[in-house]
Amino acid sequence: MVDCEVVTRNVKIANVDNHATKIATREAAQGRIDQIEIFERELAHLRSDRVIHLTDSQVTAIEAYHRHIIHELTARYDADASESGRRLSMSMRIVSLIGALLLGSSVFVFFYHFWAAFNVATQTFLLCAAPTSTYALALIVRARDRTGYFSRLSAALCFASFILTVVILPPLWNINLGSASVLSCTAFGFILAYGMRSRLQLCAALIGVLIYSAALITILGGAPWWVFAERPENLYLGATMLLVIPSLISQRHYADFGTLYRLIGTASLLGIFLILTTWPSLSYFDYGPHAVSAAYKIVVLTGGAAGIYIGVTRQLPEIGFLSSLSLLILIGLEACGWLLPKLPAYQFFLIMSVLAICALYVLKVLRRRATLDAAGISQ
Amino acid sequence: MNLQRLWLPILGFTVILVVCTGTLLAGIYNRSGTSESTLRLSERELELPTGESGEQENTPLTLHLLWRVETVDQAGSATTEASSTRAAWITQTKLAELEIPSGIRPNTFVSTFLVLEFDRRAHARAVSRACNSASPSRDARTCEFEIKKSSRLYVVDAGRTVAELRARYPDRAHYAIVSGVIKLSHDLNVREPEGYVSSLSLETVQGVEPLRSAIDPATGKMLWHRLQAGHFFDAVISFGRRLEPWNLSIEARESEVISPVEMPQEGRERGFSFSPR
């Protein structure tokens, strides 16, 4: 048994406050509370296994310290201190998302229902006033809402109003804004996403980055912007940008933002590779469908393997998962198109199961290495 | 209040302001000065909004331009199939003129300037083809449709600059120049490029104020609804500096417009010419 000397001290409110003020977001507050719970459970194990010895006063002091932090964080950020609270929070998040979609739809339907009764001046005024007023509302709600649910809801309403304006106002004045409409929606999506810490708006903005960068390349080629999807390679620039941005600009103050960048970037990049293996005629490269398809299959294999390695070694599970998925899809497509017609069914499934076991073994080795790295043990 | 706290309101309101004022200024710029061209269209070239019965009053008033292309056999395409009908005037020569390389890949889209011809040669050819008693493809119903109902608005040419096209088509009352897109692919049988007019940059025109807000005293319904029932009207459509159209006026008319039938003469030119009549 190891005697652990813990300095008993009175928990000063000032110290706790100092610690709590370092936490700036609800997500960080929730993370701190979760950390305390894990510590308390582990401490109980250590005490029951007699690894450490704490006096009753020491335990009481630690508990008081933790209770105070939890009280402070729940009061300030409305973080959840119980499992049922967390479940309810998840429900609130889902309701918030559905509410945002419904609010956006209600704005659209409201405008549509009464639209023809207004003259052009009124319509123009309403279209300009809708995003302005909803944005002002979102700013007010953001300043008063501790939980973030209502500010995100108001951000969704504002974004719906803005898109409505971008879609309806130019035709009302017989103007075609072209790709500028995508650019404006993307810029506004980013402002709302970072201002309101909204993942929904960030997803919209990231998709906007993909579309707008592809549109620019398409326009440079002399084609209209809206045919950007005719050549999936147009999306490379945007997808690469999404993958690189979290490395260049830290997203640690925004929960899950870095993950969303990598998720959408990786999914786009690997998705393009897979599409071009199946439909090589969509490629810019004009070396014949077989050559292009074969080249992209090699790209998927190497890209997928590199993605798994990066995902495991750099602790980026989203990249690892999507890379594994892309490899799985490629192998499945190839096997169904090539092996299945040539082999009896039992041999086909046998080969596939051997491949699955091999993949499992490789992933296990990578996982073990990552675990050892995390534990600080060198082989 | 420091700048860091103000970035969110400043950026957000700036984007909203840029979008709203930018659109309005672009619209005003398009309508300023002399119109690039002005066409007097009718219900044959402009489709009134349609909607489910009982909900039509709430349908935004948007007039759709009904344009066609001339096919290889000099017939006019259906307006609903115009973008999927091969345009006869998109030839190898035309592509060279547009500086499009000969090695075209399937589904290549090209932004360009297009010429809209209203009630001129292309339509006259379509009428004469449909109504010529000597033609084996003559059909009484098609003939009547071409004379009384079909759109007289054809996309007849493309060019790299507005000035070049306007020099070729100086008549601003019958030829409008608009931005648009052509789609190119190979005709695998003859190894020639196959061209389609994919779309115009703006294919809708918002109805003007009196039509939008006036109520028919007889039925209590909006005026455009009555126009749709009668379905005869004249609309003056102008194309501005940005080559985007707007509706100058719209008036109801008692009867339909009938296109004259001109039978082909001996020695009449065949094929297509890009010079106006």
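# Report on chains A and B of a predicted model

Nine of the 11 residues of helix α3 (residues 121–131) of chain B are buried, so this helix is largely enclosed by the rest of the structure. A residue is called buried if 20 or more other C-beta atoms lie within 10 Å of its own, exposed if 12 or fewer do, and partly exposed in between, with C-beta atoms placed from the backbone. This is a predicted model, in which local features need pLDDT of at least 70 and side-chain atom pairs count only at pLDDT 80 or more, while totals for chains, interfaces and linings use all residues. Residues are numbered from 1 along each chain as its sequence is written, and chains are lettered from A and ligands numbered from 1 in the order in which they are written.

## Chain B: the enclosed helix and its surroundings

The buried residues of α3(B) are A122(B), H123(B), R125(B), A126(B), V127(B), S128(B), R129(B), A130(B) and C131(B). They pack against β4, α4 (140–148) and β5 of chain B. Strand β4(B) is itself mostly covered, with 10 of its 11 residues buried. Six bridges pair β4(B) with strand β5 (residues 153–159) of chain B in the antiparallel sense; two strands pair if DSSP finds at least two bridges between them. In this pairing E117(B) stands opposite Y154(B) in β5(B).

Over the whole of chain B, there are seven helices and 10 strands. Helices (H or I, at least four residues) and strands (E, at least two) are DSSP runs, numbered from the N terminus. Buried residues make up 37% of the 277 residues in the chain. Of the contacts in chain B between residues at least 6 apart in sequence, 68% join residues at least 24 apart. A contact here requires that the C-beta atoms of two residues, placed from the backbone, lie within 7 Å.

## Chain B: the three-stranded sheet

Strands β1, β9 and β10 of chain B form an open sheet in the order β1-β9-β10, with antiparallel pairing. Its edge strands are β1 (37–42) and β10 of chain B, each of which pairs on one side only. Neighbouring strands of this sheet are turned by 20 degrees against each other on average, direction ignored. Angles run from 0 to 180 degrees between N-to-C directions, and axes are lines fitted to C-alpha atoms, for helices over the stretch in contact.

Strand β9 (residues 233–239) of chain B is joined to β10(B) by seven bridges, and the two run antiparallel. D234(B) stands opposite E251(B) in β10(B). The hairpin of β9(B) and β10(B) has five residues between the strands, and in this hairpin L243(B) takes a positive phi near 65 degrees.

## The side of chain B that touches chain A

In the interface, 37 residues of chain B are in contact with 34 residues of chain A. On the chain B side, the elements that give two or more residues are α1 (3–31), β4 (108–118), β8 (204–206), α6 (209–213) and β10 (245–252). The largest share, 14 residues, comes from α1(B). By class, this side has 20 nonpolar, 12 polar and five charged residues. Ala, Val, Leu, Ile, Met, Phe, Trp, Tyr, Cys and Pro count as nonpolar, Asp, Glu, Lys and Arg as charged, and the others, Gly among them, as polar.

## Chain A: a helix pair

Helix α9 (residues 236–248) and helix α10 (residues 257–278) of chain A pack at an angle of about 150 degrees, with their axes 8 Å apart. That makes α9(A) roughly antiparallel to α10(A); angles under 35 degrees count as roughly parallel, over 145 as roughly antiparallel, 65 to 115 as roughly perpendicular and the rest as oblique. Residues of α9(A) in this contact include Y236(A), L242(A) and P246(A), and those of α10(A) include G258(A), R262(A) and I272(A). By class, the contact has 10 nonpolar, four polar and one charged residues.
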